[in-house]
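Here are my notes on the model you sent over, as numbered points. Have the viewer open while you go through them.

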Amino acid sequence: MQAQTFSILANVVKERSGLALTPDKAYLFDTRLMAVARRWSLDSVDALANRIYAQPNDLQINDVVQAMTTNESLFFRDTKPFTLFVETMLPALKKVRAARRHIRIWSAASSAGQEAYSLAMLIKDHEAEFQGWTFEIVGTDLCQQMVDHAKTGLYSQFEIHRGLPDSMLHKYFAQAGDHWQISQQIRNMVRFQTGNLLHSLSSLGQFDIVFCRNVLIYFDVATKGKVLDAVARQMPDDGYLVLGGAETVLGVSKSFMPMPDHPGLYAKRRFDAGKAAVH
Ligand SMILES: C[S@@+](CC[C@H](N)C(=O)[O-])C[C@H]1O[C@@H](n2cnc3c(N)ncnc32)[C@H](O)[C@@H]1O
């Protein structure tokens with residue numbers, strides 16, 4: 001690979017997605033981008049980088065970014081956040097939102113939708129406790145392909161057998177050829193759209209619960225901080241932020257603090273003008 005190929009591609013990927021690639025990851029360009037180069041009738045990753053440098057083309061750049069991002073996800077990933085959702089977040093919000101009876105949830109970086117649909121299935125399971133309430137779940141992801149996949153609600157046997165309890169499979173999925181499709185009722189509970197965490201997503205409105213998991217790990221500290229500060233602006237003071245197991249706000253952003261009794265959950269840090277945090 002030519003010396004400048006790494007810097008050209010790493011720069012466009014960082015600029016578009018936040019994904020920070022260090023030179024030790026240069027080999028990933030070869031393994032992931034050869035197919036992109038061929039799709040554009042180019043015979044090497046070097047040629048792809050040179051083309052992007054000489055004549056930046058949004059479609060080509062998007063192909064590169066999509067090939068370099070990791071879209072790994074699974075239903076009920078890590079279990080614990082979903083237990084906390086049912087046992088901690090929903091009961092607390094039931095009290096503080098009693099007047100409004102409406103709860104908004106954001107699956108930021110929703111990949112193929114497994115996280116958002118896991119939350120929707122849990123809400124459906126608990127609907128008897130929330131008579132008269134409405135829930136809104138929004139899933140956003142940088143990748144159009146992931147958003148399109150999420151909207152179909154169609155999953156392979158492999159995707160289904162990673163994390164989805166049998167009881168949920170039988171209740172909420174129907175076989176569709178060699179795939180499984182989540183029920184229309186659950187699909188209607190979730191809205192998916194593209195959304196780049198590096199850009200303002202304020203048009204999405206305020207969310208009581210934000211799941212922003214396994215995406216910050218790919219960003220450098222400055223980008224993580226900016227994204228977390230932007231997420232905080234879309235949450236009320238009593239909202240809940242859920243991060244992935246390898247992610248934290250500590251040393252990254254002053255907008256949130258860990259909730260002492262609930263590992264993995266973060267609350268907004270409230271500031272009094274000129275005083276220390278009071279949360
Ligand atoms: C590893 S998946 C995590 C999916 C899910 N949150 C989970 O924990 O299972 C990371 C997702 O982040 C998305 N992503 C990467 N950069 C992004 C950005 N700047 N804005 C929004 N989504 C992004 C990728 O497209 C990918 O689908």
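1. Start with the pairing of Arg104: its bridge partner in β2 is Glu136. Strand β2 covers residues 134–141, and seven bridges join it to β1, with the two strands running parallel. Strands here are DSSP runs of E with at least two residues, helices are runs of H or I with at least four, and both are numbered from the N terminus. Two strands count as paired if DSSP finds at least two bridges between them.

2. Before going further, a word on what you're looking at. This is a predicted model, where local features need pLDDT of at least 70, side-chain atom pairs count only at pLDDT 80 or more, and totals for chains, interfaces and linings use all residues. Numbering starts from 1 along each chain as its sequence is written.

3. On confidence (pLDDT is the predictor's own per-residue score, from 0 to 100), the protein chain averages 94, and 97% of the residues score at least 70. The stretch to watch is 273–279, where the pLDDT is below 50. Beyond near neighbours in sequence, that stretch has nine contacts in the model; a contact means two C-beta atoms, placed from the backbone, within 7 Å.

4. Back to β1 (102–108). Six of its seven residues are buried, so β1 is largely enclosed by the rest of the structure. Buried means 20 or more other C-beta atoms within 10 Å of the residue's own, exposed means 12 or fewer, and partly exposed is in between, with C-beta atoms placed from the backbone.

5. Strand β8 (residues 240–243) is covered on both faces: Tyr240 and Val242 are buried on one side, Leu241 and Leu243 on the other. Strand β8 pairs in the parallel sense with β7 (residues 209–212) over four bridges, and Ile209 stands opposite Tyr240.

6. Gln175, in strand β4 (residues 173–176), makes a contrast. With 11 C-beta neighbours inside 10 Å, Gln175 counts as exposed.

7. Two backbone angles deserve a look. Most residues other than glycine have a negative phi, yet phi is near 55° at Thr79 and near 50° at Arg101. Thr79 is in the loop between α4 (58–68) and α5 (80–96), and it counts as exposed because it has 9 C-beta neighbours inside 10 Å. Arg101 is in the loop between α5 and β1, and its 13 neighbours inside 10 Å make it partly exposed.

8. The domain assignment gives domain 1 (3–68) and domain 2 (80–268); such bounds come from an automatic or database assignment. Their centres, taken over C-alpha atoms, are 30 Å apart. The contact takes five residues from domain 1 and nine residues from domain 2. On the domain 1 side, the touching residues are two nonpolar, three polar and no charged.

9. Which residues are closest to the ligand? They are Ser73, Ala109, Ser111, Leu142 and Asn214, out of 24 that surround it, where near means a backbone-placed C-beta within 6 Å. By class, the shell has eight nonpolar, eleven polar and five charged residues. Here Ala, Val, Leu, Ile, Met, Phe, Trp, Tyr, Cys and Pro count as nonpolar, Asp, Glu, Lys and Arg as charged, and the others, Gly among them, as polar.
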